[in-house]
Amino acid sequence: QFGAVEIVKMSKIQKITYSNMQRSWLNVTHVTQFDETDITNLDAFRKSLKSQAEARGVRITTVAFLLKAIGIALNDNPAFNRSLINDGENFVQKNYCHIGLAVDAPKGLMVPVIRDGNDKGLWEIAEDVGRVAGLARDGKFKPSDMQGGCFTLSSLGAIGGNGFTPIVNSPALGILGVSSATIQPVWGGVEFRPRLLLPLTLAYDHRAIHAGSERTIVPQ
């Protein structure tokens, strides 16, 4: 009616993403919190590892550090490592830590899983990230590569911006969104100093995650 258009059929991955995101948005009681963290020293340390990374044939990025931090945080905050049961009376407490990493693959948005993120060292995680990047580039993800995630990391730093609201990837209860780090003046008590600040957005299901949560384990 208003101009030339065409109808384009969505790919299988696009249809799955459409369905999963709609379900998560409708069924998860999202709470979103914004913060920023000083990664000046972390970034300097990351750069100091460049020669070691080249010797190992691995590219070490900020994402690897974030995945490592998430693994530690899930151990310290078990409320984030749960899934809800639809009976409204129980939840599943997970005693493992697999972290989903949202990637923009040629076929569409996919969330492969970095397994046992709490037990792996930084180099192992960096190798996993490199493997995931290769699978995304070649479009060779298998269904098993995207199953079992306890929490999700979504990084949009490459496209800039200072924040966004990520959608929890159900049945996980939380997702960390990372935007583009920028140099900003930070008061050090005597003077302002240039520091590299990374914007963070944490979205989670408020039905299961709140202050003062208690739990009772139901034997199976």
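Hi everyone. Let me start with a definition: a disulfide here is a pair of cysteine sulfur atoms within 2.5 Å. Keep that cut-off in mind as we look at this model, which is a predicted one.

So, how many disulfides does a search of the whole structure find? The count is 0. Take C97 as an example. Its closest cysteine sulfur belongs to C150, and at 5.8 Å that is too far for a bond. Looking back from C150, the closest cysteine sulfur is the one in C97. Are these two cysteines buried or exposed? C97 counts as buried because its relative accessibility is 2%, and C150 counts as buried too, at 0%.

C97 also leads us to a neighbour, N118. Setting aside residues up to four places away in sequence, N118 touches K68, G71, N75 and C97. You'll find N118 in the loop between β6 (113-114) and α5 (122-138). With 19% relative accessibility, N118 counts as buried, because the cut-off for buried is under 20%.

Now let's move over to strand β8, residues 174-178. Why do we call this strand largely enclosed by the rest of the structure? Because 5 of its 5 residues are buried. G174, L176 and V178 point one way, I175 and G177 point the other way, and all are buried.

Who are the partners of β8? With β7, residues 151-155, the pairing is parallel, over 4 bridges. Within that pair, L176 is the bridge partner of L153. With β10, residues 192-205, the strands run antiparallel and are joined by 5 bridges. There, V178 stands opposite L200.

L153 comes up again in the largest nonpolar core, which has 40 residues. The residues with the most contacts inside this core are I60, L67, F141 and L153. Which elements each supply at least two of its residues? They are α4 (62-76), β4 (99-105), α5, β7, β8 and β10. The one that gives the most is α5, with 8 residues.

Last stop, F141. If we leave aside neighbours within four places in sequence, F141 is in contact with V103, A105, M110, P112, V132, L135, A136 and M146.

Note on methods. Residues numbered from 1 in each chain as written. Predicted model: local features only at pLDDT ≥ 70, side-chain atom pairs only at ≥ 80, totals over all residues. Heavy atoms only, no water. Buried < 20%, exposed > 50% of the residue type's maximum accessible area, 1.4 Å probe, protein only. Contact = heavy atoms within 4.5 Å. Pairing = 2+ DSSP bridges. Core = buried A, V, L, I, M, F, W, Y, C linked by side-chain atoms within 4.5 Å.
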